[in-house]
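Have it open next to you as you read.

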Amino acid sequence: MEASNINGARKTSRSTHAHAILGPELCARLSETRVLLVGAGGIGCELLKNIVLTGFGHITLLDLDTIDLSNLNRQFLFKKKDIKHSKAMVAAQTASAFNPNVNIRPIHANIKEPQFDIEWFSGFDIVLNALDNLDARRHVNKMCMAAGVPLVESGTAGYLGQVQPLLKDRTECFDCVPKPTPTTFPVCTIRSTPSQPIHCIVWAKSYLLPQLFGEDEDGTNELDEAEKQGENVEEIAALRREALAYKAVRSALRSAQTTEDVAQRVFKKVFHSDILNLLSMSDMWRSRATPTPLDFHAIQEGRFVIQRPSNSSANTGNGPVIRSQPANGHTNGNVPSPSSSSSSLNGVSGLKDQRALSLHDTLDLFISSTNRLAKRLREGEDTISFDKDDDDTLDFVTAAANLRSAAYYIDRKTRWEVKEMAGNIIPAIATTNAIISGLIVLQALHLLRKSYTQLRNVHVQFKPTNPLSTSTMCPPNPKCGVCRDTYTKVLCDPARVTLGEIVDGVLGGEVREVSVYEDKRILSDPDWDDNLERTLESLNVGRGMFLTIVDEEEEWGTIVVALSVLPPNHPSDGPAYILPSPLPSPPRLEKRPPTPPPAPSRKRSAPDDEIAEVEPLAKRVKTSTNGTTTLPVIASPSKRRRLEEDGLLMLSSKDDKIDDDVIEID
């Protein structure tokens, strides 16, 4: 490759076009730019390729998922040999070959883990979101608003997509416009470690059913090629064993001479052996509860109890266990359901779509549906694909999804719910991902140039005459509960610092009536300050979390305190916390004018009105028959009763006598 030296900077033909389009100044800055890319899925793979080829010098790629077979049709950085490996690790390794001058640091983790705090986010010049999870997107948005780091948000749904550049105090943030909970489920949300029922449903529909009853995908040649290229021999051997195991199961399902219980063989392969293989990958379970391998015979005999670590973030299963109650309230099928397992074996005639299945019933449905599908293959069908109107495939997906849910402690769904959810999945379109990833880079370049007037919201539409539409950036929503707050940072030792010390320090010793929250938990308010003397650690508050200080008198804006750890060189006997300098200065809120009373209506009451509201007349001083004045009645009986409940006694006149144990207040 030809190379030349221009102004002391090495310029190769690889960057010639970038220099011509972007200019030498921006190109030089790109090589020093630190960018965080969150997500290595459909958009993430395309986006990583783009920023590597554009010349972003320092890229941190973070993703918690592992590669699944269904990813390979659009996530081109992965191959079949990479299945079950970390997306971030494989994507970084593949993309590094595109531009050797770029440094890519992959991280296989959850972006919401506490080590990725405001200090960590502040180390980047720009953040690019390629997530398909609403909760994670809101978390990254809040971290970027707190750290003051520019963010480019994006998303796709089939042929639709959008790109939104976000910058605190200049544009609206992701939460300025409330987001409805999505009713459709992008394929990318299906993870190798499921956390929601939909993940298990799509796994059963899009992976397990095609793997067993769909087209046979032989990856032997690809594995042979990988072995010749010097890939890890042990990993290749493991992939060969897994491929052979599935191939043997597929053959057994299609063979008329099979004498063994083929459904039991499928069950043991998928819900026992495969889960044991996942458990051997200890890094996957650092912050997750480990799944439970299912026992075929124990479930059939009604003695299988799902065990889960009492702490959901435990990384082993050796701690205390709790019993997981199944969907129907019975312990894993010990109590027989009205619809017996024998009715399930004969098809779906005895299955009520709305009935929650016990684990025992679910296993019976899995056996029945597997045998029915195997019979269809033996009678001549080449392949079987999912159809929500096909009872056999719907039963199989329902049973397989609920068995997987049981292993991962996820709520199980009825057959009717599975049918509804499985039919509402949006296909991922590779072309849409490619378009969106290119638009992300364009908006990122505007942010790095600080060409804020050039920023645009861009939408990809399913309109041939106008496939792209743009709109100018909207200012922040003044009522937004995320970007309109005042953010600050406190370095502390949660084991030594108290909640009261943090609050008093951030407020500068000023006495205010405030409430303190951590996410949705209330930690303190003016009428309940018991927690102010407790340490943050005792309140389960620590690194990566936020304390929200709200002024109850609504005179000052909300202060959000991001918690980080003390620096490594901080002396052990030093202060337990380091306050920001200067202290945060929230804006003074405008006093809301009192609501004026409604003007009296000039409309006359209709003749048939039952109630006529009239203003009470002013009370006149009563005059006795002898012409002397008396005091007016100053309290109704109900008011007297309320005052007496509060310990007060109201006298009707100045001549009323009071007992000795009553204190008279003038």
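1. A definition to start with: "buried" here means under 20% relative accessible area, "exposed" means over 50%, and "partly exposed" covers what falls in between. Keep in mind, too, that this is a predicted model. With that in hand, look at arginine 376 and aspartate 392: both are buried. They also form a salt bridge, with the closest N and O atoms 3.0 Å apart. Arginine 376 sits in helix 13 and aspartate 392 in helix 14, so the bridge ties together parts that are 16 residues apart in sequence.

2. Stay with that pair for a moment, as there's a network around it. Which residues does it include? Salt bridges with shared partners connect Arg372, Arg376, Glu381, Asp390, Asp391, Asp392, Asp395 and Arg415. For the whole structure, the search turns up 23 salt bridges.

3. Another salt bridge joins the side chains of arginine 34 and aspartate 125, at 3.1 Å from N to O. This one links distant parts of the chain, 91 residues apart: arginine 34 belongs to strand 3 (residues 34-38), while aspartate 125 is in the loop between helix 5 (118-121) and strand 6 (126-129). Are the two partners buried or partly exposed? Arginine 34 has a relative accessible area of 38%, so it is partly exposed. Aspartate 125 comes out at 28%, which means partly exposed as well.

4. Then there's lysine 81, which forms a salt bridge with aspartate 82; their closest N and O atoms are 3.2 Å apart. Both lysine 81 and aspartate 82 are buried.

5. On to the largest nonpolar core, which has 59 residues. The members that touch the most others are Leu208, Leu212, Phe213, Phe267, Phe271, Phe366 and Phe396. Helix 7 gives the largest share, eleven residues.

6. Now the surface. Tyr159, Leu160 and Phe462 make up a nonpolar patch there, with about 360 Å² of accessible area together. Phenylalanine 462 is found in the loop between strand 13 (456-460) and strand 14 (468-472). Its relative accessibility is 61%, so phenylalanine 462 counts as exposed.

7. The surface has a charged patch too: Glu501, Asp504, Asp529, Asp530 and Glu533 gather in a patch of negative charge. One of them, aspartate 530, lies in the loop between strand 17 (521-524) and strand 18 (546-551). Aspartate 530 counts as exposed because its relative accessibility is 51%.

8. A few backbone details deserve a look. Most residues other than glycine have a negative phi, and most peptide bonds are trans. Lysine 84, however, has a positive phi, near 75°. You'll find lysine 84 in the loop between strand 4 (58-63) and helix 4 (87-96), and its 25% relative accessibility makes it partly exposed. Aspartate 519 also has a positive phi, of about 55°, although it is not a glycine. The loop between strand 16 (514-518) and strand 17 holds aspartate 519, which is exposed at 63% relative accessibility.

9. Where is the cis peptide bond that involves proline 582? It runs from serine 581 to proline 582, with omega near 0°. Proline 582 is located in the loop between strand 20 (577-578) and strand 21 (622-623).

10. Asparagine 477 and aspartate 169 are 308 residues apart in sequence, yet their C-alpha atoms are 9.8 Å apart in space. Asparagine 477 is in the loop between strand 14 and strand 15 (486-492) and is partly exposed, at 29% relative accessibility. Valine 305 and threonine 292 are 13 residues apart in sequence and 9.9 Å apart in space, again C-alpha to C-alpha. Valine 305 is in the loop between helix 11 (296-300) and strand 10 (307-309), and at 22% relative accessibility it is partly exposed.

Key
Residues are numbered from 1 along each chain as its sequence is written. This is a predicted model: local features need pLDDT of at least 70, side-chain atom pairs count only at pLDDT 80 or more; totals for chains, interfaces and linings use all residues. Side-chain values use heavy atoms; hydrogens and water are left out. Patches are made of residues with over 30% relative accessible area and no salt bridge: like charges are joined within 9 Å, nonpolar side chains (Val, Leu, Ile, Met, Phe, Trp, Tyr) within 5 Å. Accessible areas come from the Shrake-Rupley method with a 1.4 Å probe; for residues, only the protein chains shown count as cover. A salt bridge is a side-chain nitrogen of Lys or Arg within 4 Å of a carboxyl oxygen of Asp or Glu. Lys and Arg count as positive and Asp and Glu as negative; His and the chain ends are not counted. The place of a charge is taken as NZ of Lys, CZ of Arg, CG of Asp or CD of Glu. Helices (H or I, at least four residues) and strands (E, at least two) are DSSP runs, numbered from the N terminus. Buried means under 20% relative accessible area, exposed over 50%, partly exposed in between (1.4 Å probe, protein chains only). A nonpolar core is a set of buried Ala, Val, Leu, Ile, Met, Phe, Trp, Tyr and Cys residues joined through side-chain atoms within 4.5 Å.
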